[in-house]
Every structure is written in structure tokens, then in C-alpha cells.
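Thanks for coming, everyone; please have the sequence and the coordinates open while I talk.

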Amino acid sequence: SKAMEVDLTQSYQQYKLFPNYANPFNATTTIQYQIPKASHVKISAYNITGQLIEILADDYHAPGLHRVQWNANTTPSGMYICRVEAGEYQADRKLILLK
């Protein structure tokens, strides 16, 4: 997997959900996202049938680049959806948990 380089001096003009790493993952994966303005951010993990598994973040974030880790140690193997909601922005990514 390729390391992601992030320019911390750039201004964050847009909302963005980056690919999680590692993916597939064994127990823990890092979800990285950016927001252009202070926003209430909610990050949730759902199973493939749309059932909420865990809320990973649900609070106010400053503009910039953020990371949250999902420790899925007690979660069964399978495909999951990570959803980021911030202001009017919403994005989903598929996460694959392999144990």
C-alpha cells in the first residue's frame, strides 16, 4: 500500500473522505478526512445491510485534516460501510475486515 503524503500547509477548500488504511484490515483501521470549515462531524460504521455497528465520532471539529481509528476487534469479518457526515457533505467508503 502506498503511503499518503498530506500537505499540512494547504487550505482545505473541500470536504473529502480518504481511503482508509489498512484496507483490508485485521483489527484496526484509520479513517482520514478533511473539512474546509468548522462543522459537526459524525462518522459511523454500518454493516452491509445498513445496520449501525458503531459511531466513531460525533462532535464539532475545526477545519483541517482529521483521523479517527476504528478498533473492530470484536466485530466479525465482512464488508462494512464508513459514512462521514459534515454539514451538507456525506460520503461513504467500503471497509473490508478480515480476521
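**Contacts, core and rings**

Before anything else, please keep in mind that this is a predicted model. Let me begin with I43, which, once residues up to four places away in sequence are set aside, touches Y33, E54, I55, L56, A57, V68, C82, R83 and V84.

I43 also belongs to the largest nonpolar core, a set of 21 residues in which I31, Y33, V41, I43, W70 and L95 have the most contacts. Which strands supply this core? At least two residues come from each of β2, β3 (39–47), β4 (52–61), β5, β6 and β7, and β6 gives the most, with four residues. As general background, nonpolar side chains in soluble globular proteins tend to be buried together.

Let me turn now to the aromatic rings, of which the structure holds three pairs. One of them joins Y15 and Y89, whose rings are stacked, with 5.1 Å from centre to centre and 10 degrees between the planes. That pair links distant parts of the chain, since Y15 lies in the segment before β1 while Y89 lies in strand β7 (residues 89–97), 74 residues apart.

Another pair, W70 with Y80, is edge-to-face, at 5.5 Å centre to centre and with 80 degrees between the planes. Here the link runs from strand β5, which holds W70, to strand β6 (residues 78–86), which holds Y80, and the two residues are 10 apart in the chain. Are these two residues buried or exposed? W70 has a relative accessible area of 0% and is therefore buried, and Y80, at 5%, counts as buried because the cut-off is under 20%. Ring pairs also bring F25 in, so that F25, W70 and Y80 are linked into a cluster.

A further ring to look at is that of Y46, over which the charged end of R83 sits, 5.5 Å from the ring centre. R83, you will recall, is also among the residues that I43 touches.

Finally, the sheet that contains β5. Three strands form an open sheet in the order β1-β2-β5, with antiparallel pairing, and its edge strands, each pairing on one side only, are β1 (16–17) and β5 (64–71). Between β1 and strand β2 (residues 28–35), which run antiparallel, there are two bridges.

Technical notes:
Residues are numbered from 1 along each chain as its sequence is written. This is a predicted model: local features need pLDDT of at least 70, side-chain atom pairs count only at pLDDT 80 or more; totals for chains, interfaces and linings use all residues. Side-chain values use heavy atoms; hydrogens and water are left out. Two strands pair if DSSP finds at least two bridges between them. Rings of Phe, Tyr and Trp (its six-membered ring) pair if their centres lie within 6.5 Å; planes under 30 degrees apart count as stacked, over 60 as edge-to-face and the rest as tilted. Buried means under 20% relative accessible area, exposed over 50%, partly exposed in between (1.4 Å probe, protein chains only). A charge sits over a ring if NZ of Lys or CZ of Arg is within 6 Å of the ring centre and within 35 degrees of the ring normal. A nonpolar core is a set of buried Ala, Val, Leu, Ile, Met, Phe, Trp, Tyr and Cys residues joined through side-chain atoms within 4.5 Å. Contact means heavy atoms within 4.5 Å.
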